[in-house]
Amino acid sequence: MKVTLVVFSGDMDKAMAAFNIAIGAGSMGMEVSMFFTFWGIHILKRPNAPSRAKGLIRRMLSMMSPPDARKLPLSKLNMLGMGPFMMKKLMKQHRMPDVQEMMSLAEQSGVKLIACTTTMELMGISKDQLVEQVDRVAGVATYLSEASESGINLFV
Amino acid sequence: MKVTLVVFSGDMDKAMAAFNIAIGAGSMGMEVSMFFTFWGIHILKRPNAPSRAKGLIRRMLSMMSPPDARKLPLSKLNMLGMGPFMMKKLMKQHRMPDVQEMMSLAEQSGVKLIACTTTMELMGISKDQLVEQVDRVAGVATYLSEASESGINLFV
Amino acid sequence: MKVTLVVFSGDMDKAMAAFNIAIGAGSMGMEVSMFFTFWGIHILKRPNAPSRAKGLIRRMLSMMSPPDARKLPLSKLNMLGMGPFMMKKLMKQHRMPDVQEMMSLAEQSGVKLIACTTTMELMGISKDQLVEQVDRVAGVATYLSEASESGINLFV
């Protein structure tokens, strides 16, 4: 069984849901690909990587976007960052991994993390600005060929 | 044909879309499971069930979340509750069922409602606080085994 | 291989993601159906078509909704329309098609655009207010019969 997830959202809660499914599937022996596109690309950004976005709009977009997986907003109850802070605290109390830790667990379960070419070009993000867990950078044709072989396809 | 829906969202409009698909599939003889996770868990809360969430963060989360399916926000045009009020009025004029009624229709069509274990633990919600239509409480492994047998998988 | 997409969202970014997948799949020879429901119906509205919504709520809903595909909001960083303006500028600099152009490309790739009956009735939108690229108006039973034959099913 193959599983392919499109991670369109850059929200912490949706990233957690996607990684939970991916890690679960990976540890059950399924072959998992996660395709990060649009806002989802921010999840893959390497902490403290300097932005090299060129052009006014790209630089503004970069400034207004979360710098990496540790600073993702919540899709609900974000409350200017209070929500994610509380959620992370709750998860820690509960001994649940955060998104960064989930990314490593996913890699260890054999989950392939793929970054979307078009998004990276549009937002002015280069491969060396992404975390090392990223398997490769690819476009929609790659996604579709993975998805067409998958029994579980989700858009998150 | 088997259908498995992840209901991640706790928004009225998305819940309606998910239930519409589920009821349609159920009445066409398909085997349907709906897996309620994260914000989606609020859809399953029993009206007037007292919150027993422990700890400051959980109590705050509980206070800021919709108490049950009758009080869900809209994902767009929520306008502090005006949007859902208007949408419900429009649906009534149109003789369309609301989310609570859809849940009963789903159950009657044989749709299985499954509540996510991890979400319930995280948010401090126990099984007796959920509506009686809930078939069972289960984790990601159960979801994945249902999903891997399903021809239609959606993440709502 | 058949692909069926539910386009529930009326956001520009999600519409772009859906059309990108649809166009890619169509040009790879896959058979693609896009089923536009709820907020997604606004993507299909014909530019400058006069609203004929009847009743106070429907008229208000119509007034507060994007008039057509050129005026869709972003799901993030909308900033009262600044976000979509900047995104469209960035896409133009990048020679990427906008949503309207994607709709034509989709049609040329053989993608079938289907508008949801229930949504149209609920929101008071008639077929002649939709763009000519719309293949037909259909309900959840049609969606489910398409989806049950599809290897890739997504909810956007």
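How many residues of chain B are in contact with how many residues of chain C? I opened the predicted model with that in mind. I found 21 residues of chain B in contact with 17 residues of chain C.

**Entry 1: the B–C interface, from the side of chain B**

I asked which elements supply that side. Helix 1 (12-27), helix 3 (82-93) and strand 5 (152-155) of chain B each give two or more residues to the side that touches chain C. Helix 1 of chain B gives the most, with seven residues. Twelve are nonpolar, five are polar and four are charged.

Which residues make the contact? From helix 1 of chain B I noted Asn20(B), Ile21(B), Gly24(B) and Ala25(B). From helix 6 of chain C I noted Val140(C), Ala141(C) and Leu144(C). Five residues of this contact are nonpolar, two are polar and none is charged.

**Entry 2: the A–B interface**

**Entry 3: how the copies are related**

What rotation superposes chain A on chain B? I get 120°, with 0.0 Å of shift along the axis and an RMSD of 0.0 Å. That is the relation of a three-fold axis. The turn is 120°, the shift along the axis 0.0 Å and the RMSD 0.0 Å.

Why do I say that the copies meet through different surfaces? Only 10% of the interface residues of chain A are also interface residues in chain B, so chains A and B meet through different surfaces.

**Entry 5**

I turned to the fold inside one chain. Chain B has an open sheet of five strands in the order 4-3-2-1-5, with parallel pairing. Its edge strands are strand 4 (134-138) and strand 5 of chain B, and each pairs on one side only. The twist averages 20° from one strand to the next.

I checked the pairing of strand 5. Four bridges join strand 1 (residues 2-7) of chain B to strand 5 of chain B, and the two run parallel. Thr4(B) stands opposite Asn153(B) in strand 5 of chain B. Helix 6 (residues 140-147) of chain B packs on the sheet. It touches strand 1, strand 2 (31-36), strand 3 (112-116), strand 4 and strand 5 of chain B. Its direction makes about 145° with that of strand 1 of chain B.

**Entry 4: the sheet of chain C**

What is the strand order in chain C? I read 4-3-2-1-5, an open sheet of five strands with parallel pairing. Strand 4 and strand 5 (152-155) of chain C each have a single partner strand, so one side of each is left without a neighbour in the sheet. The twist averages 20° from one strand to the next.

Strand 1 (residues 2-7) of chain C runs parallel to strand 5 of chain C, joined by four bridges. Val6(C) stands opposite Phe155(C) in strand 5 of chain C.

Four bridges join it to strand 3 (residues 112-116) of chain C, and the two run parallel. Leu113(C) stands opposite Val134(C) in strand 4 of chain C. The chain crosses from strand 3 through helix 5 (residues 117-123) to strand 4 of chain C, and this β-α-β crossover is right-handed.

Last, I came back to helix 6 of chain C. It lies across strand 1, strand 2 (31-36), strand 3, strand 4 and strand 5 of chain C. It runs at about 145° to strand 1 of chain C.

Note on methods. Residues numbered from 1 in each chain as written. Chains lettered and ligands numbered in written order. Predicted model: local features only at pLDDT ≥ 70, side-chain atom pairs only at ≥ 80, totals over all residues. Least-squares fit on C-alpha atoms with pLDDT ≥ 70 in both. Contact = placed C-beta atoms within 7 Å. Pairing = 2+ DSSP bridges. Right-handed = clockwise from strand over helix to strand, strands pointing away. Nonpolar A, V, L, I, M, F, W, Y, C, P; charged D, E, K, R; others polar. Axes fitted to C-alpha atoms, helices over the stretch in contact; angles between N-to-C directions.
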